[in-house]
Amino acid sequence: DDGGSRPRPEPVSVWHLIETLRPGGAEQLLLTTVKHLDPERFRSSVVALFPPLDLQEQFERLGVPVHCLGLRGPADWRRGFLELARWLKRDRPDILHTHLPCANFYGRLAGTLAGVPSMITSLHSSEYTHWAGDGWRFKVRKFVERSAGRRLRTDFIAVSQSVCDDYVRHFGLKDIAVIYNYLDPAEFSLPTSDAGEAIRREFHWTAQEFVLL
């Protein structure tokens with residue numbers, strides 16, 4: 001019996017790599033995710049490949065540091081691959097969690113070079129079924145992503161069954177976990193009556209007019 005003096009284990013260090021911090025669907029999902037991770041178990045950092053960083057302040061209010069690699073474009077491999085690998089070797093996160101195609105590709109390569117113990121990729125859309133293209137750029141991108149996704153040691157999460165089916169069909173991946181997109185109910189609480197009346201006054205709506213937002 002150690003008398004309850006056993007030290008707590010260090011929190012797991014998680015790097016979340018994403019393309020930008022625009023207020024889009026994947027970015028909002030990431031914000032909700034880090035907001036609800038237990039800080040005693042997980043220590044999160046967010047790294048964006050490109051500006052803009054619209055959501056940076058919201059992440060930092062949660063105590064989550066935000067960094068930007070400042071890539072000049074998707075083909076900026078020196079920063080996307082070499083610089084990212086240097087950052088990963090310096091900070092040595094336990095988990096690298098990537099979001100969206102460009103971050104997925106560079107993250108897998110840099111994470112492998114840096115020896116990150118665990119890598120996870122979230123798949124956010126059925127882009128190979130509904131956004132498919134016939135041009136050579138799309139074919140090259142598809143080949144590169146498929147090759148990297150199959151050969152590098154990455155676990156996959158799909159945000160819906162249709163997204164999972166898309167990558168099973170086009171990438172041949174068989175071990176994708178499905179975790180449905182989630183929302184924070186607190187963000188959708190009804191306004192108070194005073195707030196509603198203030199909005200009506202601002203837009204000159206009477207109490208009898210039906211308003212749907």
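Predicted model: local features only at pLDDT ≥ 70, side-chain atom pairs only at ≥ 80, totals over all residues.

Visitor: How many helices and strands are in the protein, and what percentage of its residues is buried?

Guide: Helices (H or I, at least four residues) and strands (E, at least two) are DSSP runs, numbered from the N terminus. On that basis the protein has 8 helices and 7 strands. Buried means under 20% relative accessible area, exposed over 50%, and partly exposed in between (1.4 Å probe, protein chains only). Of the 213 residues, the buried share is 40%.

Visitor: In which order do the 7 strands form the sheet?

Guide: Two strands pair if DSSP finds at least two bridges between them. The sheet is open and its pairing is parallel, with the order β3-β2-β1-β4-β5-β6-β7. Pairing on one side only marks the edge strands, β3 (66–68) and β7 (177–178).

Visitor: Which residue of β4 is the bridge partner of tryptophan 15?

Guide: Strand β4 runs parallel to β1, with 4 bridges between them, and parallel to β5 (residues 118–123), with 5 bridges. On the β5 side, isoleucine 95 stands opposite serine 118. For tryptophan 15, the bridge partner in β4 is leucine 96.

Visitor: Which residues of β4 are buried on each side?

Guide: In a regular strand the side chains alternate between the two faces of the sheet. Strand β4 has 5 of its 5 residues buried. One side carries Ile95, His97 and His99, and the other carries Leu96 and Thr98.

Visitor: Is histidine 97 buried or exposed, and with which residues is it in contact?

Guide: Histidine 97 belongs to strand β4. Its relative accessible area is 12%, so histidine 97 is buried. Contact means heavy atoms within 4.5 Å. Leaving aside neighbours within four places in sequence, the contacts of histidine 97 are Val14, Trp15, His16, Leu17, Ile120 and Ser122.

Visitor: How far apart are the end C-alpha atoms of helix α1, and what span should its 12 residues have?

Guide: The expected span of a helix is 1.5 Å times one less than its number of residues. For the 12 residues of α1 (residues 25–36) this should give 16 Å, which agrees with the distance between the end C-alpha atoms, 17 Å.

Visitor: Against which elements do the buried residues of α1 pack?

Guide: The buried residues of α1 include Leu29, Leu30 and Val34. They pack against β1 (12–18), β2 (42–48), α2 (56–61) and β4 (95–99).

Visitor: Which residues join through a cis peptide bond?

Guide: Most residues other than glycine have a negative phi, and most peptide bonds are trans. Proline 52 lies in the loop between β2 and α2. With omega about 5°, the cis bond joins proline 51 and proline 52.

Visitor: What are the relative accessible areas of leucine 100 and histidine 204?

Guide: Although not a glycine, leucine 100 has a positive phi of about 80°, and histidine 204, also not a glycine, has one of about 60°. Leucine 100 lies in the loop between β4 and α4 (101–114), whereas histidine 204 is in the segment after α8 (193–202). Leucine 100 is buried, at 18%, and histidine 204 is exposed, at 69%.

Technical notes:
Residues numbered from 1 in each chain as written. Heavy atoms only, no water.
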